[in-house]
Amino acid sequence: IVYEDDDLLVVDKPPGLLAVPLERKANAPSVFDRLEDHFRSRGKRKPLVVHRIDRDTSGLVVFAKDLRAQDAIKEQFKGGEPERVYWAVVYGQPSPPQGTWRDHLVWDTKALIQKETHRDDPGASDAISEYRVLETFDVASLIEVRLRTGRRNQIRIQARLRGHTLVGEKRYIFGPDELPTIPFARQALHAHRLSFLHPTDGRRLSFESPPPADFTALLEALRKR
């Protein structure tokens, strides 16, 4: 827990831990489960979900403590108001080194993945991200991605659509027949910065999470290649 008050708490989630429980992975541990214990020890109710990040993505997640706070913060996320900035390590060097990704996506409920679609698809959702290259390596790049919309797996699919598969990606695969081997146990994605308005007094709350040890080790290994 990196921040907590009477209305909400912000958690820096490690990779490999679900943000919230999944029905199809009933026995997998989650941040939600751990927060239930935290709440119970203080005689309070269960945490309330505002948003989530993938199990193998590390970084910042916010939970609410009551329905009023949950509704207020969720409304901000629905409108794309919070600042949500991620770091990702991708294959190749995006060109230009800074720009905007715009796509129309549809969620495949059977395959449980996002797919590219056309704007007239009744199930289509706009996906918009702003990216910039922070550092380049011989076969990969560290990029910063700022979400303007918050679709599920958005960064993973948008990077894939441009031939810049995330290092460690297992679901959204794209690129040459054989990508260079860069060992990494998960998709290299980290929720680095999160900023939103407090649901009660309106002040801006801003948080940053340094990348975890595995992400840092990946960057060091790429610098030495």
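**Burial, charge pairs and backbone of a predicted chain**

Me: Is leucine 219 buried or exposed?
Reply: The relative accessible area of leucine 219 is 5%. Buried means under 20%, exposed over 50%, and partly exposed lies in between (1.4 Å probe, protein chains only). Leucine 219 is therefore buried.

Me: What pLDDT do side-chain atom pairs need?
Reply: Residues are numbered from 1 along each chain as its sequence is written, and side-chain values use heavy atoms, without hydrogens and water. This is a predicted model: totals for chains, interfaces and linings use all residues, local features need pLDDT of at least 70, and side-chain atom pairs count only at pLDDT 80 or more.

Me: In which element does leucine 219 lie, and how far is its C-alpha from that of lysine 110?
Reply: Leucine 219 lies in helix α4. Helices (H or I, at least four residues) and strands (E, at least two) are DSSP runs, numbered from the N terminus. Leucine 219 and lysine 110 are 109 residues apart along the chain, and their C-alpha atoms are separated by 35 Å.

Me: What is the radius of gyration of the protein chain?
Reply: The chain has four helices and eleven strands. For its 225 residues the globule rule gives 17 Å, and the chain comes close to that, so it is as compact as a globular protein of that length. The rule is 2.2 Å times the number of residues to the power 0.38, with the radius taken over C-alpha atoms. The radius of gyration is 18 Å.

Me: What share of the residues counts as buried?
Reply: The C-alpha trace spans about 55 × 45 × 35 Å along its principal axes. Of the 225 residues, the buried share is 47%.

Me: How many salt bridges are there?
Reply: Side chains of opposite charge can pair when their charged atoms come close. A salt bridge here is a side-chain nitrogen of Lys or Arg within 4 Å of a carboxyl oxygen of Asp or Glu. The count comes to 20.

Me: Which residue forms a salt bridge with lysine 115?
Reply: Lysine 115 is partly exposed at 38% relative accessibility. The closest N and O atoms are 2.8 Å apart, and the partner is aspartate 108.

Me: Which residues share one salt-bridge network with glutamate 208?
Reply: Glutamate 208 pairs with arginine 193, the closest N and O atoms being 3.4 Å apart. That pair joins strand β11 (residues 204–208) to strand β10, 15 residues apart. Glutamate 208 is exposed at 53%, whereas arginine 193 is buried at 18%. Through shared partners, glutamate 208 is in one network with Glu83, Arg146 and Arg193.

Me: Which residues gather in the patch of positive charge?
Reply: Patches are made of residues with over 30% relative accessible area and no salt bridge; like charges are joined within 9 Å, and nonpolar side chains (Val, Leu, Ile, Met, Phe, Trp, Tyr) within 5 Å. Lys and Arg count as positive, Asp and Glu as negative; His and the chain ends are not counted. The patch on the surface holds Arg24, Arg52, Lys74, Arg152 and Arg171.

Me: Which peptide bond is cis?
Reply: Most residues other than glycine have a negative phi, and most peptide bonds are trans. Proline 96 is found in the loop between β5 (83–91) and β6 (98–108). With omega near 0°, the cis bond runs from serine 95 to proline 96.

Me: What is the phi of asparagine 153?
Reply: Asparagine 153 is found in the loop between β9 and α3. At 8% relative accessibility it counts as buried. Its phi is positive, in a residue other than glycine: near 60°.

Key: Areas by Shrake-Rupley, 256 points an atom, 1.4 Å probe, with all protein chains shown as cover. Charge placed at Lys NZ, Arg CZ, Asp CG, Glu CD.
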